[in-house]
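Here's a quick walk through some helix packing and charged pairs. Have the sequence and the 3D view open as you read.

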Amino acid sequence: MPPSDYIRTRELGGNGTAGQYFSKVVDNHPYFPNLSVNASDSMSVRHAALVLVYSALLNNRQSSKASDNSSNDSDEAEQKDKLKSKLNEFFDTAGGTRKSSMDQLSCTKVTGGITNALFRVSGFQTVKNLLVDTTTTTTTTSDDSDYLDFDSVLVRIFGAEGMIDRDIETSTYAALCNADIAYKYMGRFANGRIEGWLDGYHPLQLSDLNNEDVSLEIAKEMARLHCLFEVPEGELREHHCGKSNTTSSASNNNELDVITVGLWDQLNSWMEQAKGYTEFKTPADAERVRQLKLDQIELEVQHMIQMITTTPSPSSLDNNNETSSTTEDSGDSTASICGSTNNNSAKVVFCHNDLLPANIMRHPTTGQIQLIDFEYGGSNYAAFDMANHFNEYAGGTTTKDNGVTDYSNFPNQEQQTKFCVEYIKMARRLESMRSDITDPDYNGDNVDRKMEESSEQDNDESIMAEATALLSHVQKFIMVNHLYWGLWAVNQAAEEGCDEFDYLTYAANRLNEYYVKKKEWEEKN
């Protein structure tokens with residue numbers, strides 16, 4: 001279903017008048033548009049988790065029936081009635097009394113995020129018998145038990161109101177889960193959603209980024225995201241990629257789809273938003289914003305856009321100099337969705353855009369990496385995603401850091417090169433395999449041969465040449481990335497204040513580092 005189905009569901013729910021247990025299935029998962037969660041109330045968080053888990057269980061059962069053609073409209077209506085009935089077994093909605101089953105669920109706040117409020121709700125194996133329908137057939141009970149193979153879920157309560165389109169973001173997250181890139185989407189409520197809990201995984205710490213083995217695994221996972229995820233056709237794709245220019249005849253000729261990069265519009269939008277605030281939470285905050293000199297930042301934004309989207313002379317970053325330029329293929333607002341096998345520096349893909357340590361989960365035993373929190377994801381230059389990750393070595397985004405960054409931790413040239421080389425190797429293998437699989441004559445017998453050929457190809461000196469080209473693009477986007485998150489932080493300060501996290505300290509540090517990197521760039525070019 002397209003993201004607009006969330007809007008239609010809210011309308012059908014009377015924008016709150018149909019009761020908190022009104023729901024519809026959107027993106028193949030339950031959506032409760034009238035069920036709001038209070039982040040300061042543990043009971044409210046556990047309530048939402050229980051509602052969504054049970055609803056997801058019923059939805060899974062209904063999907064199983066549909067797959068064996070045993071489902072009909074009356075079944076769907078029956079499931080909705082059963083959901084409301086079951087929920088009222090857990091809660092006396094008239095008296096507001098808590099049933100004893102709720103005491104068996106625990107709620108723990110998850111630290112590390114500054115945009116959203118995150119909670120782990122555990123104990124679902126304890127209340128499993130209350131959720132699994134023992135009145136139906138053995139097969140249904142078995143299916144329910146198989147589905148309820150977890151004990152914990154993640155409850156995400158949305159923050160950054162007005163800065164993220166949550167209909168688009170949730171629909172995108174569902175698509176990422178379907179593609180096995182993100183981990184388990186279970187359903188959405190009015191101001192958040194329920195996700196699977198990654199048992200055994202831990203978020204990376206800042207120091208982990210300097211572990212070479214960990215860094216190379218991140219490079220591989222970044223390549224996997226860039227090469228394997230394709231935004232589904234329809235409304236979601238039009239949002240992320242613009243309307244497709246690919247015709248059926250073009251597709252037959254293997255011409256690449258063309259997509260629009262949203263980075264520049266986002267930068268300009270956040271710039272306009274930041275300059276538009278007439279007041280902040282405190283007079284001191286307003287003075288700190290004044291000292292950031294947003295008028296000058298606006299000029300820097302425009303100069304960076306010009307530099308990236310054109311081929312400049314070495315002095316183009318000097319605001320007092322006029323420059324002449326020619327169009328650069330990799331900087332256009334549109335580019336090929338997967339780039340080309342030998343031009344990863346120029347490719348435009350679906351990017352995470354926020355790969356800081358807290359958004360990278362790792363299993364300590366297997367070493368497996370899982371990316372999380374794709375809320376800033378979208379079509380972008382692959383080099384921006386990499387530049388963003390390198391900038392995150394400086395930290396500053398935890399509540400402990402409170403906006404204070406340390407750019408002495410920025411990866412050196414050798415670290416950056418190794419990361420790029422590993423990324424390119426994985427990207428070549430994945431793109432080679434995908435090209436092979438889309439071949440009409442493909443029969444699945446030549447995967448091993450293809451991997452061997454790709455491994456041999458990895459030893460070619462072109463890997464280093466491509467890494468050098470990629471890094472030249474990354475250096476430009478390192479500067480853009482500082483402007484991007486600096487402006488984001490200004491807007492967050494205006495909306496949420498700086499009591500819980502000092503967004504303006506973070507903004508000042510990011511924007512100051514922009515000028516440092518700009519000077520370095522000018523000296524080298």
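A residue is called buried here when its relative accessible area is under 20%. By that cut-off, Glu169 and Arg193 are both buried. Keep in mind that this is a predicted model.

Glu169 and Arg193 pair up in a salt bridge, with their closest N and O atoms 2.8 Å apart. This one ties together distant parts of the chain: Glu169 belongs to helix α6 and Arg193 to strand β9 (residues 192-196), 24 residues apart. Glu169 also has a salt bridge to Arg166, at 3.2 Å from N to O. Arg166 and Glu169 are 3 residues apart in helix α6, so about one helical turn separates them. Like Glu169, Arg166 is buried.

Zoom out and you'll find a salt-bridge network that links Arg156, Arg166, Glu169, Arg193, Glu195, Asp373 and Glu375. The total count comes to 26 salt bridges.

## A link from α6 to α1

Asp167 makes a salt bridge with Arg10, and the closest N and O atoms are 2.7 Å apart. Here the partners sit 157 residues apart, Asp167 in helix α6 (residues 166-178) and Arg10 in helix α1 (residues 4-12). Asp167 counts as buried because its relative accessibility is 9%, while Arg10, at 24%, is partly exposed.

## The α16 and α17 pair

Now for helix α16 (residues 462-496) and helix α17 (residues 503-524): their axes come within 8 Å and cross at roughly 160°. That angle is why α16 is roughly antiparallel to α17. The crossing is left-handed. In their contact, the residues split into 15 nonpolar, 6 polar and 6 charged.

Notes
Residues are numbered from 1 along each chain as its sequence is written. This is a predicted model: local features need pLDDT of at least 70, side-chain atom pairs count only at pLDDT 80 or more; totals for chains, interfaces and linings use all residues. Side-chain values use heavy atoms; hydrogens and water are left out. Axes are lines fitted to C-alpha atoms, for helices over the stretch in contact, and angles run from 0 to 180 degrees between N-to-C directions. Helices (H or I, at least four residues) and strands (E, at least two) are DSSP runs, numbered from the N terminus. Angles under 35 degrees count as roughly parallel, over 145 as roughly antiparallel, 65 to 115 as roughly perpendicular and the rest as oblique. A crossing is left-handed if the near helix is turned anticlockwise from the far one by less than a right angle, and right-handed if clockwise. Ala, Val, Leu, Ile, Met, Phe, Trp, Tyr, Cys and Pro count as nonpolar, Asp, Glu, Lys and Arg as charged, and the others, Gly among them, as polar. A salt bridge is a side-chain nitrogen of Lys or Arg within 4 Å of a carboxyl oxygen of Asp or Glu. Buried means under 20% relative accessible area, exposed over 50%, partly exposed in between (1.4 Å probe, protein chains only).
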